[in-house]
Number of protein chains: 2
Amino acid sequence: MSQWMSPDERQPTQVAQIRQSLQEQIRAGLLRPGMRLPSERALSERFATTRITLKEALAVLETEGQIYREERRGWFVAPPRLIYDPRTKSHFQAMVESQGRAATTRVLQAGPVVANAELCQRMGLAPLSPLLKICRVRSLDSRDVLYVEHYLLPERFPGLLEMDLTCSLTRLYAERYGIGYGQSTFDILPTAAHGAVARALGLPQGAPLLQICRLNLDGQGRLIDCDMEYWRQDAVVIRIQSDPLP
Amino acid sequence: MSQWMSPDERQPTQVAQIRQSLQEQIRAGLLRPGMRLPSERALSERFATTRITLKEALAVLETEGQIYREERRGWFVAPPRLIYDPRTKSHFQAMVESQGRAATTRVLQAGPVVANAELCQRMGLAPLSPLLKICRVRSLDSRDVLYVEHYLLPERFPGLLEMDLTCSLTRLYAERYGIGYGQSTFDILPTAAHGAVARALGLPQGAPLLQICRLNLDGQGRLIDCDMEYWRQDAVVIRIQSDPLP
DNA sequence: AAGTGGTCTAGACCACGCG
DNA sequence: GCGTGGTCTAGACCACTTC
């Protein structure tokens, strides 16, 4: 019945030892959240190894979300994760502040676009449908952690582009258009940073990300919008409390 | 208002080109789900580069979940993802079969343990509390994709270890102990493979994983168990449909 | 026995950040 | 202009899988 657990733990690799060593320093508080690590060259000397091997250890810690990088600026110790329940629609600012932290929002782009194939499929649209696209970056304690693309049906939101898009879109929907949320669907999956997302969050190409695609319907079951969220994966933990499904 | 999108797309790196090339072959169906890729050495020759660079491209595709590896066996094209709503408590087999796929379960270990610090905290237990630990590996179409550790309160489940633990624990709870689920809490976060998890799923140390920690209460709000799930991150997409929270 | 991925070495050049 | 991370080269040995 009970099976033994691999009797011979093989000796740890250099990568594992370096990872372990850095993790210990972080846990002990010697390397504090937000602090920059020494340069890769300095670390590789200190651990008597090459940069490649050292980078491999950093990559594992990055995958675990214990450290993060800013492109060409260096490696930093990850602050505590934001607790995020995707069902509490947006009010990003309120959610962040209720956890004792500071939020800001920056609009990168806002304008009409033509839906691409993936969006048409997700939103159930006719090919080449027009949409409004709003790109925003949101920060947690002055650190950019979230890049969001909102895709809205233009006919439901006339004049939206002239409004202040740095605040909650949920509030704009409700107060200016009388549109409230009903059922929503979320897809959560890890992915890698590319193009616009990588640039917006200051990540190198290929860095790990947590993607959340939300499809929002109104009280009558009609489509409101589709949001593509890309989180720095060290910055967040998805926490969902639920009663069981029927 | 609208900001231009980085006017000069810098020329793609070798890593990006290799990634692009492999992705295209996969999308076109020339490399089919489950197929093994050529060896790293063969690929690095074909792309006229070194193994390190080639491996970097494979690592990005792995992060995206387009390919996966089996330790020392090679790289494979990822099959379609299982759609998983963590709120539909277990019945792993039923969930898998309803999506037209095949499930199996293997018990690695089952026995009493002493709760570690993390578990005491998550479950709100006194230090050194006794628990029952059940380790299982679950496969999708003959591929091991999920490693689960269940931690149960021993006083609620006398004699459990003598039962057939390859089938649904949910069913055992209900049929043999009259215990059903009430509220549950899920934490979802990407992490890296280590030790027992890596061995159980045949992953190299440091490979990306999706961790889901579930804390299950019964109808009276009393703790039932805590499950630590570790998914191959290419094998699953978390999909949650929900009405908005009050 | 041959071939594979896992691990590691010892460099190099470049674009960019920062002072 | 210096140091940084980002990218890349050209090898090597070992443990393990597969034949």
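Strand β8 (residues 208-218) of chain B runs antiparallel to strand β9 (residues 223-232) of chain B, the two being joined over nine bridges, where strands are DSSP runs of E with at least two residues, numbered from the N terminus, and two strands pair if DSSP finds at least two bridges between them. Within this pairing, Asn216(B) has Asp225(B) in β9(B) as its bridge partner. This is a predicted model, in which local features need pLDDT of at least 70 and side-chain atom pairs count only at pLDDT 80 or more, while totals for chains, interfaces and linings use all residues. Residues are numbered from 1 along each chain as its sequence is written, chains are lettered from A and ligands numbered from 1 in the order in which they are written, and side-chain values use heavy atoms, leaving out hydrogens and water.

Both strands belong to an open sheet of eight strands with mixed pairing, ordered β3(A)-β10(A)-β7(B)-β8(B)-β9(B)-β6(B)-β5(B)-β4(B). Its edges are β3 (82-84) of chain A and β4 (103-114) of chain B, each of which pairs on one side only.

Among the polar contacts (pairs of N or O atoms within 3.5 Å), a polar backbone atom of Glu40(A) lies 2.8 Å from a phosphate oxygen of DNA strand D, whereas a polar side-chain atom of Arg72(B) is 3.3 Å from a base nitrogen of DNA strand D.

Conventions:
Helices (H or I, at least four residues) and strands (E, at least two) are DSSP runs, numbered from the N terminus. A polar contact is a pair of N or O atoms within 3.5 Å; within protein, one must be able to donate a hydrogen and the other to accept it, and residues adjacent in sequence count only if both atoms are side-chain atoms.
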